[in-house]
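Please keep the sequence and the 3D view open as you read.

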Amino acid sequence: MDTLQQLPTHGDGLLDMRELARTLLESMVNEVMDAQADMLCEDGANSRNGYRERGLATPVGDITLRIPKLRAGTYFPEGIIERHSRADRAVAAAVAESWANGVSTRKMERIARKMGIEGLSKDQVSAMCRSLDAEVGELATRGLAGVEVPYLFLDATYVKCRRDGRVQSTAVVTAIGVGSDGVRRMLGIAAIDTETHAGWQRCAVHLERDVCSLLPSKRHRAMAAKAMQAVFRESDPATVRSAYRAAIDAVGALSAAAGALLEDAEAGALAYLDFPAEHRRRIRTNNVQERMNREIERRSRVVQVFPSPESMLRLVGAVCAEQDEDWSSRRYISPESMLKLAEPAGPEPVESEASRRRGLMIVETAMELAGAGRRAA
């Protein structure tokens, strides 16, 4: 009787056969993996060392695999899940497609052999592409109704792709949102000819690079960079604003163009100060996009030149799908903290003479230390 009461049921009390099948499958697969891992440790030369969890989509629903870890070497459940990630398969498909279309080089052939796709047929490539396209398409078309996205990150990275018979540098734009539940999500992917807009909130790191690019010497670039880093390290809004304005004057003395850029960017660069203090470290830079772009670039480097826009978006989509899956298991910002966005905004911090003096001291000290360090070097 106790066993029957534990079986999954619908709201009307009837047995939920799909959930029962999902639960039994999850339990059986995990028991098989446990048994296989125990066999590897039978002679005493190795031992178990916990688990790592991984999700797996099945016809009866998503299950959680508890893959055993070993103290020496690794255990992988061959035949249960694919060893290679979506992105690995996308790279393999792009390399194979290039090879089949006659645009490969000897280096690409070596890459193909290294990845174990020397004998990959056109049918296998097509099947691989269809599988990936379905997964990427599901990510791109999934419904987000009812999901509020208070924070949106947009950025582009450049990838070489063969378009209209010639190799072109294409901007691949990704959109990442942080929902009201504090979870990051991939919201969109697109390929465009160029990146044209800086956005509502200027990334502090990008602004620093742009300003430094206008300065003539390494010493001046180091001084400006340290000044801006010192500004954004401060947490008190009044001090940050005072220090930023002191940096405009100090950097402007090194280069009128750099000072003007810093001044024009003030509203966007300091927009993060209008949000809850707990969120500012997360939103004043575009680090979440930077990490995504680095992973896209790392995977693209293997292919070098994509044979078609479709293969390029397939790889980018596969990387994004993997990242989205990873994000779904943890919060970027706590849900309790996200509730503060609904609270009325407090009064605008007023800059005082004390905050102006402190801001000036912060900038002057940072620039003096950077300048002295460059002279010593």
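## Sheet and helix packing

Ile 176 stands opposite Met 186 in E5. H12 packs on the sheet and touches E3, E4 and E5. The direction of H12 makes about 15° with that of E3. Contact here means heavy atoms within 4.5 Å. Axes are lines fitted to C-alpha atoms, for helices over the stretch in contact, and angles run from 0 to 180 degrees between N-to-C directions. Helices (H or I, at least four residues) and strands (E, at least two) are DSSP runs, numbered from the N terminus.

This is a predicted model, in which local features need pLDDT of at least 70, side-chain atom pairs count only at pLDDT 80 or more, and totals for chains, interfaces and linings use all residues. Residues are numbered from 1 along each chain as its sequence is written, and side-chain values use heavy atoms, with hydrogens and water left out.

**The sheet.** Three strands form an open sheet in the order E3-E4-E5, with antiparallel pairing. Two strands pair if DSSP finds at least two bridges between them. The edge strands are E3 (151–163) and E5, and each pairs on one side only. From one strand to the next, the twist averages 20°. E3 and E4 run antiparallel and are joined by 13 bridges. Strand E4 (residues 166–178) pairs with strand E5 (residues 184–192) over eight bridges, also in the antiparallel sense. In a regular strand the side chains alternate between the two faces of the sheet.

Some bridge partners are listed here.

| Residue | Bridge partner | Strand of the partner |
|---|---|---|
| Leu 154 | Ala 175 | E4 |
| Ala 171 | Ile 192 | E5 |
| Thr 174 | Ile 189 | E5 |

**The hairpins.** Which residue takes a positive phi in the hairpin of E3 and E4? It is Asp 164, near 55°, and this hairpin has two residues between the strands. The hairpin of E4 and E5 has five residues between the strands. There, Gly 182 takes a positive phi near 85°.

**H12 on H13.** Helix H12 (residues 287–303) packs against helix H13 (residues 309–327) at an angle of about 135°. Their axes are 10 Å apart. H12 and H13 are therefore oblique to each other. Angles under 35 degrees count as roughly parallel, over 145 as roughly antiparallel, 65 to 115 as roughly perpendicular and the rest as oblique. The crossing of H12 and H13 is right-handed. A crossing is left-handed if the near helix is turned anticlockwise from the far one by less than a right angle, and right-handed if clockwise. Among the H12 residues in the contact are Val 288, Met 292 and Ile 296. They belong to a set that meets H13 residues including Leu 315, Val 319 and Trp 327. By class, the contact has eight nonpolar, two polar and three charged residues. Ala, Val, Leu, Ile, Met, Phe, Trp, Tyr, Cys and Pro count as nonpolar, Asp, Glu, Lys and Arg as charged, and the others, Gly among them, as polar.

**H6 on H9.** Helix H6 (residues 204–212) and helix H9 (residues 256–264) pack at about 155°, with axes 9 Å apart. That makes H6 roughly antiparallel to H9. Leu 207, Asp 210 and Val 211 of H6 make the contact with Ala 258, Leu 261 and Leu 262 of H9. These residues divide into five nonpolar, no polar and one charged.
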